[in-house]
Amino acid sequence: MCPPAMALTNDDEFQKGVKHLFENGVSKLPIKYILPVSDRPKVDKEHPNAAKSSLKLPVIDFGELQGPNRSQVLNSLSSACEEYGFFQVVNHGIPIEAIRSMIDVSTRFFGLPYEERAKYMSSDMTSPVRYGTSLNQRKDSVFCWRDFLKLVCHPLSDVLPHWPSCPMDFREVAATYARETKWLFIRITEAILESLGLWGATTEEKTEEDDEILKQFHDGSQLMVVNCFPPCPEPDLTLGMPPHSDYGFLTLLLQDEVEGLQIQYKGKWITVEPMPNSFVVNVGDHLEIFSNGRYKSVLHRVFVNPAKPRLSVASLHSLPFNCMVGPSPKLIDQVNPRRYKDTDFATFLEYISSCEPKKKNFLESRKLT
């Protein structure tokens, strides 16, 4: 039987995360999680920009990329990156067993007693494994209804011994999943570079420079974020994640069947319909910079619900941490002048450590006026 709802005033309780609150039978949303009225998800009456409509994202059939329809698929990919900044990938080649196992082991990790999960709590943003809550629990003035487990995935052999050893199969399952998503990221990146006219699929079209870019992505950073959104007693007053864009090159998102992801499209918040066995892929800030603004990283957020827990696994990929990211020289000319400063991961970490990351503020700070 659940203990009675807690009268929560102790800030330490919030530091333990929302799964802990949920397990302790919280029946009213603590003030710490209540957003200002203008930031709440359900403001339809006053703000018609909070759309309830849902959206089927452009679907990229990965199997088709390998066949005679490659050029049509590349055109679809290009328009998806320009118009939505998001697309869904099907027939991606990752075994269904690897996907199911990752969801299953993640669910079991968040089902462990708080004391076991807490072993991995850290405020060190460079830690190879980090369990936490909200976005930045040391700095957020209002918390969001989300707990997370962040796993640095590269180089895998170095970081694996730091990953959770409980559940017993966690490391093996998560490492397999990390390798599979890395492989898929490289294949999608090849297609994106080709759609920008920067890489050729055939040997004759490739240059050494093209191969060098791909080599950097092979050695690139990969961060896996497992997100847990427990049922929320008053979901209209809070969010699982506030509006933000992703800092990397591409994010590959695996979500369960529970709705939650919304993207900003034509000024409205639209719910992305979950599609079984697919990945939602989104353009990150680094790709917007690299494409000199042709492909856009798009604001997205997560809403929560009162009845169903939701779990997602985001795999964020980019160039190596110490690499500078700037617009590709091939995409700069008199008609398209350079629009962004060079940036690196250290600059981003410094930025988010000094303030609350909101919307696309970091990317805005990298624009040339």
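Author: A cavity is a set of points, on a 1 Å grid over the protein atoms alone, where a 1.4 Å probe fits but cannot get out; its lining residues have an atom within 4 Å of a point. Points are joined across faces, edges and corners, and the volume is the space filled by probe spheres set on them. This is a predicted model: local features need pLDDT of at least 70, side-chain atom pairs need 80 or more, and totals for chains, interfaces and linings use all residues. Residues are numbered from 1 along each chain as its sequence is written, and side-chain values use heavy atoms, without hydrogens and water.

Reader: How much space lies in the second largest cavity?
Author: About 40 Å³. Its lining includes Gln222, Gly248 and His317. Strands β6 (222-229) and β13 (310-317) each give two or more residues to that lining; a strand is a DSSP run of E, at least two residues, numbered from the N terminus.

Reader: And the largest cavity, how much space is there?
Author: About 50 Å³. Among its lining residues are His286, Cys323 and Asp344.

Reader: What about the sheet?
Author: Strands of a sheet pair through backbone hydrogen bonds, either parallel or antiparallel. Here a pair needs at least two DSSP bridges. Five strands make an open, mixed sheet in the order β1-β10-β9-β12-β7. β1 (54-55) and β7 (241-244) are at the edges with a single partner each, so one side of each has no neighbour in the sheet.

Reader: In which sense do β1 and β10 pair?
Author: Parallel, over 2 bridges. Leu55 stands opposite Val272 in β10.

Terms used: Helices (H or I, at least four residues) and strands (E, at least two) are DSSP runs, numbered from the N terminus. On a 1 Å grid over the protein atoms alone, a cavity is a set of points where a 1.4 Å probe fits but cannot get out, and a pocket is an open set with protein on both sides within 12 Å along at least five of seven lines; lining residues have an atom within 4 Å of a point.
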